[in-house]
Each structure stands twice: as C-alpha cells, then as structure tokens.
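Biologist: I would like a close look at a single part of this model. Please then carry on into the neighbouring chains.

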Amino acid sequence: MSATTAGRRVRSPLSYRLRRYGVEAACMALGFVIFVWSVTPIYNMVMISLDSHNDIFSGTIWPEHPTLESFEVVVTQDFWYLARFWHQFGNSFFVGLMTMFLTLLIGTLASFTVGRMRLRNGWMLTNAALMTYVIPASFLAIPLYRIMQIYGLTNSLWSVILSIVTFSTPYAIFIFSQYGKSIPIELDESARIDGANPLQIYTRIYLPLMAPALVAVGTYALLLAWNEYLYNFLMLSTPESMTVAVALAQFLNSDESPWNYMMATAIIYALPPLILYYGFRRYMAAGLTMGGVKG
Amino acid sequence: MSVTQQTLAVGRGLAPTRLARRAWHGGLQGSDYIWAVAFAIPYALVFFAFVIYPICYGLWLGSDPALYTQLFDDPRYLTAVLNTVIYVGVGVNLKMLLAFLLSGFFLRKSWWTKSLLLVFILPWATPALPAYISIHWLMNGQWGMLNNALYLLFGIDGPIYLNDHWTGLAANIGAYIWKTMPFWTIILLAGRMAVPQELYEAASVDGATGLKRFAHVTLPLMANLYIVCTLLDTIFALGDFNSTYFVSGGGPAMSTEVLATLGIRYAFTTALPRLGVATVMTALPLLIPLVFILMRKLRMNEVQL
Amino acid sequence: MVGMSRRSVLAGSVGVAAAGALARPYIANAQAKTAVCWLNQGFIPQEDAAMRQVAEDYMKASGNKLDYSIMPFMAMNQKTISALTSGDVPDLVFMDAPSSILPQNAWDDKLVDVSDVVTPYESQLSETAKLCSTFYNKVTKKRSYYLCPIKQGATPFHIWGDLVEKAGLKMSEIPKEWDGIWTYLKQAQAPLRSKGMRKVYACGLQITTVGPNDGNNLFVHFMIANGGEGIVTSDGKLHVDDPKVREAAIKSVEFMTNLYKEGVVPPEALSWNDADDNNGYHEKLFVMDFDGTLSTELAMIKDKQAFYHDMQTVAPQLKNDGTPMKTQVNAGGGYIPKGAKGVEVAKDFMKYFMQPNVMNENLKGGLGRWAPAIPQIVKDDPFWLSTEMPCLKPYITEAVLNPTLPVFEGFTPAWGQANAEQLWGQAHADVIKSGMKPADAVDKAFKRCAEIFAKVVM
C-alpha cells in the first residue's frame with residue numbers, strides 16, 4: 001500500500017504533490033485546533049482532579065505534585081459525599097438503560113405504525129409529539145413534579161426515567177421516521193404476501209434493519225438521562241434513590257468543596273457512555289444514514 | 001436504477017416527489033388496523049400521561065397577565081431578550097455551520113482523523129455542571145489556566161474575559177457550542193455518509209468536482225437535514241440555561257443574562273416560579289412558528305420518498 | 001374524630017410548652033403519627049450525623065415517625081419551590097438559609113403559622129432570630145412566625161495572619177473601624193508582591209453581581225458601617241429618600257469602587273461566583289475575605305498550620321463613626337408548608353428541637369459553623385467560647401454576643417427581589433465600567449429599588 005502511494009508520488013507532477021501536502025498540512029493544523037478546542041476544558045478538569053491541595057487557580061498549567069488520590073477516593077468511596085457512589089452509579093445505570101430501552105421501544109413502535117403501516121391520521125401523533133418542545137424542558141419541572149406525585153411515583157427512579165422518556169421520544173420518533181424511509185417498503189410487502197402479521201414484520205424486518213439507528217438514538221437517550229440533573233434533583237430524595245447527578249450536586253452545596261473530588265467523580269462518570277459510544281460507533285456512523293438526505 | 005433517478009433529480013436540483021407506496025394497499029383492514037393502533041398506544045400513553053397535563057399546567061402557570069407587566073418592568077428583561085437573540089442566533093447557526101463543515105472533515109479516512117473524532121466526542125459525554133464550572137475557572141482572568149498558558153507560552157497577560165459583556169457572552173456561547181457540537185456533527189456526518197458514493201461518481205463523470213460537486217450534490221441532499229437540525233437546536237438552545245448560569249453567571253452586571261437564566265432565577269432564587277414560566281413563555285411567538293415549520297417538514301417528508 | 005384528636009394534641013402541646021421551659025414540652029403520642037421531613041445537608045459529615053441524631057431521638061421519645069431525608073441544598077431548594085407551587089408538600093422543611101423562600105411564600109399564605117411553637121421560647125431566643133423568623137402574610141394582613149429558628153450565622157473577616165506579618169504589618173494593629181480594616185490591610189499588597197508573589201491582591205472584595213448573595217451581603221455591611229442600616233425597616237418600608245441613607249450608600253459605593261480602582265482587589269471580582277472568593281482565599285491569592293459563617297476556616301480543618309495558626313477570624317467591631325457596629329445575622333430552622341398532612345407531628349418535632357439542650361447538641365455537631373438561636377446556650381456551654389478552635393470565639397462573639405441586625409429579607413419580599421436584581425453590584429459596575437459618579441449610580445439603584453417596593457404593598 002505504501003509502495004503504491006510512493007509510486008504514485010513519483011509519477012505525480014510537482015504542483016499536484018505540493019497541493020496534496022498543503023491540503024494535508026492544513027488538515028493537520030485544523031485537527032490540532034479541534035484537539036485543543038475539545039480537550040482544554042477537560043484538561044482543566046483533569047488538572048484540578050490531580051491536585052492534592054484542591055487548588056483551582058494553581059498558577060501553572062500542570063500541578064506540581066500530580067496525584068491520583070482523588071480518583072482513589074472516588075473509587076473507594078472514601079469521602080462522605082461519595083459514601084454511596086457505586087450505589088448511585090448503579091442507579092444512574094438503571095435510569096440510563098431504562099430510558100434508552102423505553103425511548104427505543106416507544107419510538108420504533110410509533111414510527112413503524114405511522115411511517116410504515118401508515119395508520120390513518122397517524123401524522124397527528126408525530127405532530128402532537130412536537131408539542132413537547134413548546135415549553136423548554138427545564139420549565140416543565142414543576143408540572144412534572146406534580147404529575148409524578150399524582151401517579152404516586154415520588155422518590156422512584158421511574159419518575160426520572162419517565163420524565164426523560166417524555167422529552168426523548170419525540171426526537172426518537174422523528175429520527176426513526178426519517179431513517180425508516182431508507183428501508184424499501186417492498187420488503188414489508190413480500191413479507192405480507194408470505195403471511196407475516198405486522199408484529200412479525202416489526203420484529204423480523206423493521207427492527208433488524210433499523211439496528212444502526214437504534215444504536216444512535218439509544219446513545220442519545222442514554223446520554224440525555226446520564227447528564228440530566230434538574231429532574232434528578234426534583235424527583236429523588238432518599239440516599240437509596242439518588243443518582244450520581246444528585247451526588248455531584250452535593251459539591252455545589254457550599255462555596256467550599258473538594259473540587260478535586262468533584263472533577264474526579266465527573267471524569268469517572270463520563271467514562272461509561274464514552275466506552276459505550278466507542279464500542280458502538282461503527283453502527284452509529286451507519287445508523288444515522290437518515291432518510292432526511294433523500295427527501 | 002434508483003441511482004440514476006436520484007442523479008437526474010440532482011441534476012434538476014429537485015428531489016423526486018412520488019406518492020408514498022404502502023405495503024397495506026387501500027388502507028388498513030381488520031386485524032392489521034388493530035395492530036397499527038396497538039403500536040401507536042405506547043407513545044399515545046406517554047403523550048396523554050406526561051405531555052398534555054404538564055404543558056397545559058405550564059401554560060396555566062404563565063397565564064396571569066399581571067406576570068407580564070411585572071416582567072416587562074424588569075430592566076433585565078430587555079437585555080435578556082437581546083442576549084437570547086444573539087445566543088441562539090449565533091450559538092445555533094455558528095455551531096451548525098461548523099458542525100456541517102467538520103462533518104466533511106471527519107469523512108477523511110486517515111487514522112488520525114478517526115482517532116480525533118473520538119476526542120472530539122468527549123465534551124458530549126462529560127457531565128454539564130462540572131464541565132461548565134471548569135470553563136468558568138479556566139477563563140478566570142487573573143489565575144485561570146487559559147491566561148496562565150498565554151503567559152507561559154507568549155509572555156502576555158490575557159484579558160479578563162468574564163468582566164466584559166461581549167467576551168462574557170462569547171464565553172457562554174462558546175461553552176454551549178463546545179458541549180453540543182459533537183452531537184450535531186455526528187448526525188450530519190452520518191447524513192453525509194448516507195449520500196450514495198455513486199452519486200459523486202456520476203457527478204464527476206459530468207465533470208463536477210470540488211466546489212461544484214459540493215454545491216450540486218452534497219448541499220441539496222443535506223439541506224433538509226441541516227434545516228431540521230437547526231430548527232430543533234434553536235428550540236433546545238432557547239431553553240438552555242446551564243452554560244450561561246455556570247460560565248458567566250449572567251455577569252458582569254447581569255449583562256449576559258438570557259431568558260432561560262432569568263426564568264430560572266425568578267423560579268428558584270426569588271421563589272417566583274410563575275414569573276419564571278412567564279419569562280420563557282415570551283419566547284412562544286418565536287417557538288410556535290418553529291414548531292409549525294417542523295410539523296410541515298415532517299408531513300412533507302411523509303409524502304416524499 | 002380525627003380532627004378532634006389533632007386539635008387536642010395541639011392544644012395539649014401548646015399548653016405544656018407554654019407552661020414554661022420544661023425538659024419535654026412535646027407530647028408522647030399514643031397514636032403514632034408520621035411526618036415527612038426534608039432536611040438540608042451540612043457542609044461537614046458531623047452536621048448530617050447530628051441531624052439524624054435529633055430525628056432518631058425524637059422518634060424514640062415521642063413514638064411518632066419522621067420520614068426524613070437529607071439532601072443537597074440546590075436540589076432541596078428546587079424541590080421545595082416546586083412543592084409549594086404545586087401543593088404536594090412535605091410536612092417539614094429544615095433549611096440553613098431559607099431566606100430566599102420564606103418571605104415570598106409567607107406573603108402568599110403558603111406556610112403554616114408556627115407561633116404556637118415559637119412563642120414559648122420567645123423569652124430565650126435572640127431578638128435577631130425572632131425577627132428573622134417573622135414574615136408578613138398578605139392574606140391575614142399581619143406578621144407572624146413562619147420559621148422555628150434553631151441556628152443563626154454571621155459574616156466575619158477571614159484574614160491570612162501569616163501574609164499580614166510577611167508584609168511587615170501586624171494583626172494587632174488592625175484598626176477597629178470598618179473602613180480602617182480595609183485601608184490597613186490594603187497596604188499588604190505592595191510588600192507581598194515585592195517578595196515575589198506576582199499575582200497576590202490585598203482584598204477579596206466581592207463586588208459581584210453573580211454571587212448571588214455575596215455582593216448584596218457585602219453592600220449591606222458597608223451600609224451599616226456608614227450609618228445607613230435604616231434603608232429598610234422591620235415594617236417593610238424603604239427609606240431611600242432619607243438623606244442619611246443616601247449618603248451612606250454613596251460613601252459605600254465610593255469606598256468600594258475606589259479600592260477596586262486602586263488595584264488592591266482582583267479585577268475578576270466583578271464577576272466572581274459564590275465559590276471564587278473562597279477558592280482564591282484558600283490559595284492565598286489575596287490576604288482577606290469577608291464571607292458568611294465559619295465555612296471558610298472549617299473547609300481547611302485538615303491543614304493544621306492554616307487552621308490553628310495562619311488563618312485569623314476577625315469580627316467587625318466599630319462603625320466608621322466609632323460606635324459599635326451591628327452585623328447582620330441570618331437564621332435557619334424548620335418551617336411547615338400549608339397543606340401538609342402531618343402538621344402536628346412536624347410542630348411537635350420542632351418543639352422538641354427548640355429545647356436548648358437539643359439545639360445545643362445538634363449545633364455543636366456542626367463544629368460551630370452555626371451558632372444557637374438561644375444566646376444563653378453559648379454562655380452555659382464552655383464549648384462555644386473555648387479557644388481550642390481559634391476561629392470559634394471571635395465568630396460566636398460576633399454572631400451571638402455582640403448586638404446584631406436581622407437580614408432585611410424577612411422584612412419584605414421586595415428586598416429579596418431587589419437583591420435578585422443585584423442593584424448594588426450593578427451600581428458598582430456602573431461606576432467602574434461606565435464611569436458613572438457614585439451618587440448617580442446610587443440614585444439609579446435607589447430609583448429601581450423604590451419601584452420594586454412600590455409593587456409590594458403591605
């Protein structure tokens with residue numbers, strides 16, 4: 001491969017080669033800018049978490065005596081704010097995964113019946129879904145708090161899950177309907193001729209073909225639940241039910257906090273979705289091959 | 001065959017419009033209809049259980065006209081409206097433009113672009129609160145890391161970013177772009193990947209390369225997705241208070257406040273939640289048309305294939 | 001039937017409590033009842049442990065059940081406001097700093113009058129704690145107790161003694177007058193910088209609008225020092241037309257903006273958030289900070305050198321005219337939302353909690369970050385004025401023994417709204433950034449303040 005590149009390089013005229021190098025150099029420069037841009041705030045978080053004195057304004061760009069102590073404290077739950085960290089982590093996982101599952105289930109069912117089965121007046125459902133976005137989510141906190149009380153879901157992780165599902169499904173339906181258009185309708189037709197019922201078409205044809213989109217929207221829903229805090233605050237109050245989002249808020253309890261522990265917690269907390277994304281990115285890239293571009 | 005069709009369509013600069021085909025010719029009948037309705041039930045339940053009541057409750061909370069008199073009397077309100085226009089206008093459009101361009105960049109196949117994409121995704125996965133607080137500290141003019149680095153690298157003292165309306169607002173917008181750009185870039189990147197390679201090949205046979213190819217193939221195919229993403233993000237950005245709340249905190253002298261932070265302050269600092277809801281409801285004249293455009297886009301897409 | 005028993009329990013407990021400072025004013029109840037309680041998390045684990053202890057002890061003594069949860073302040077604040085707005089309320093909310101929620105909700109008649117709980121302790125409570133616990137209700141058109149005060153806190157100076165000495169100054173020579181303290185300490189900056197501390201500043205003056213409380217708190221203390229504490233009176237009236245008040249405000253704005261312009265305040269102070277001054281102070285980036293309670297010191301309790309030797313806590317002593325200076329005190333405690341189902345248990349619990357010995361044990365658990373609302377306690381228990389923790393005695397002297405003023409938030413919801421608009425921080429910014437004259441900046445702020453007050457008619 002490198003040999004052929006080299007061979008081509010010999011054949012290509014000088015100006016073309018220069019241009020190629022120029023483009024490559026420009027891309028490198030752009031890549032460097034992107035790298036610095038993405039990493040700087042996170043680098044600052046890492047720096048704070050590595051400082052044993054909890055210095056925020058250390059006056060340097062690297063702590064003098066970097067230590068992993070903060071991470072050890074988080075992992076071993078050796079600080080009172082973090083005494084139930086892994087339990088809360090488990091709660092966050094439950095909330096994240098359930099939100100993901102419900103968003104996918106409800107979203108695919110709705111988009112299947114509206115987009116593929118063409119339920120009469122089904123468009124009303126998708127249009128109505130957009131109503132959810134008329135008032136920004138953070139300002140629906142009080143109504144949702146009230147409704148969870150009415151449903152008796154106080155202090156239940158389900159109240160958080162259902163709140164976030166409420167805000168993620170319209171988006172999911174939207175993406176699924178777009179993506180579903182890239183799946184040839186002929187497949188459904190031939191399955192029907194073979195005598196499949198709609199449930200079979202949904203599970204055996206629609207879902208497998210939608211897999212990439214499921215990964216993409218699933219990650220979206222997971223991250224939405226993972227990084228949400230207002231609804232976690234409102235709905236959960238006992239130590240058993242708290243999630244990491246509420247645990248992080250403890251650090252904002254006062255104007256004096258071990259910020260190094262806070263940043264270490266945040267960094268550890270950011271890892272699972274990252275790993276998940278890295279694991280599934282292949283599907284994801286293909287997954288968002290949306291009908292939107294074919295419209 | 002479909003490729004030629006699409007290429008033809010691109011040549012005409014128009015997407016082909018043909019009637020939707022149904023697997024269920026002549027409408028749903030009998031048990032199929034029951035299935036279709038059953039599939040619609042889960043979301044209908046979510047909608048009736050968690051959308052109708054809260055939205056109506058929310059509208060009711062902000063329904064007292066006296067709230068609006070009080071709101072318009074607040075000297076911070078006008079500043080907040082202007083800032084919101086800038087925040088949303090610049091924040092969303094600049095971000096979508098960059099995300100669109102970057103999605104092209106990330107199409108490159110070299111190993112380092114692929115690795116860089118993973119780094120680029122980091123801000124999306126980082127919890128918002130600590131990330132924004134980190135940005136607030138790193139922008140500190142006296143002791144923050146940014147100015148430390150400037151001093152160490154170039155021997156210059158940087159400005160005090162958060163003491164000035166424009167740099168403060170820019171910091172908030174920058175933080176919002178930083179946090180949300182990866183998500184939209186990924187969406188647009190996938191959109192680009194969905195453009196069939198054959199289309200590009202067909203275009204280059206016709207002699208279209210570089211800019212021409214971009215203008216005649218990529219742009220028309222991406223336009224719909226781009227517009228829809230922009231509309232959605234405008235709605236999301238209007239309600240976003242985290243970046244302003246934690247990066248500039250509305251300072252200096254409340255000059256970088258946006259509607260969302262003003263509303264959150266009314267609701268949770270002054271214990272006037274109705275006034276808080278009223279504050280964001282003044283954005284409804286902008287939001288409702290956006291929602292209608294989105295509805296139209298959704299329906300139009302249904303007829304097209 | 002149920003109503004009867006509730007009323008009789010209430011009447012009974014009031015009767016017993018009113019009979020005097022009995023050791024057990026609560027009624028042990030044959031029919032156990034439950035109250036849902038939200039308690040705010042402390043700054044140190046001992047505070048939470050002490051809070052749990054009170055709840056457990058009460059349950060054992062009364063047979064009632066407290067369904068309590070301890071949660072971070074930010075979460076609890078948002079929950080409480082949502083609860084009060086929607087009507088799905090807990091039976092008791094216990095908060096360290098409830099002054100952002102209480103004035104407005106008492107005004108809107110959303111809280112239960114707790115006079116029957118507080119009145120028996122009236123003779124023992126500090127005047128300030130009582131004033132911090134009464135609020136105006138626009139429906140009943142009168143003031144009443146809506147908070148059962150347990151704790152109170154003040155704002156002292158926090159000074160790095162070692163930096164003062166390093167600069168060639170002496171802690172013992174710090175003047176007693178308010179302005180003098182700042183003027184004396186600002187001299188520390190030049191010598192410290194010449195000794196290699198390139199970015200050190202003298203004064204952690206939080207003239208910020210981001211706060212949200214720091215800037216307002218600072219301004220009020222300057223007002224008091226300049227004789228302008230009459231800007232709001234306990235009847236909820238604003239007195240910006242009083243020339244004495246206006247003069248005090250102008251002096252305050254002038255003094256603070258001059259300090260800033262002289263360069264002895266970190267320029268960033270204009271946009272500091274709540275934690276920035278604390279972080280900067282801890283990292284010795286400036287010599288002194290004026291910030292609420294002892295949390296600044298207690299956050300560094302593990303650093304023995306800093307905690308026991310270097311950090312000094314100093315209470316404001318004299319106003320600029322040489323007379324003793326009152327500092328402003330805020331009270332924390334429990335309150336009951338209207339619509340609560342377990343009102344009598346909640347009240348009963350607060351009666352139990354307000355007993356001096358219970359209150360004392362609870363607050364000692366917090367290492368003295370909050371002082372008791374009953375001053376006699378600090379005289380009776382040697383813990384409070386011991387010098388074992390160097391920061392404690394000066395702080396308790398300021399918060400309990402010296403004359404104090406209540407925070408103005410309790411007088412009228414309008415003050416809280418004016419503070420939320422950060423009028424005083426804006427006045428500073430007007431002078432510093434827009435070059436306005438201090439008098440003009442004050443008049444602008446006063447005009448807006450008067451507009452806000454005009455809408456809140458008592």
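Biologist: What covers the buried residues of α6(A)?

Modeller: First, the ground rules. Residues are numbered from 1 along each chain as its sequence is written, while chains are lettered from A and ligands numbered from 1 in the order in which they are written. The model is predicted: local features need pLDDT of at least 70, side-chain atom pairs count only at pLDDT 80 or more, and totals for chains, interfaces and linings use all residues.

Now the helix. The cover comes from three chains, and it includes α7 (157-180) and α10 (230-235) of chain A, α2 (30-61) and α13 (273-281) of chain B, and α3 (73-86) of chain C. Helices (H or I, at least four residues) and strands (E, at least two) are DSSP runs, numbered from the N terminus. Contact means C-beta atoms, placed from the backbone, within 7 Å.

Buried means 20 or more other C-beta atoms within 10 Å of the residue's own; 12 or fewer is exposed, and in between is partly exposed, with C-beta atoms placed from the backbone. The buried set is A141(A), I142(A), P143(A), L144(A), Y145(A), I147(A) and M148(A). Just after the helix, G152(A) takes a positive phi of about 70°.

Next, chains B and C. Their contact takes 25 residues from chain B and 30 residues from chain C. On the chain B side, α4 (75-105) and α12 (259-268) each supply at least two residues. The largest share, 3 residues, comes from α12(B).

Then the strands of chain C. Two strands pair if DSSP finds at least two bridges between them. Strands β4(C) (residues 134-137) and β5(C) (residues 142-145) run antiparallel, joined by 4 bridges. F135(C) stands opposite S144(C). The hairpin has 4 residues between the strands, and K141(C) takes a positive phi near 60°.

A further sheet in chain C is open and mixed, with 4 strands in the order β8-β9-β7-β10. Its edges are β8 (201-204) and β10 (311-314); each has a single partner strand, so one side of each lacks a neighbour in the sheet.

Methods: Two residues are in contact if their C-beta atoms, placed from the backbone, lie within 7 Å.
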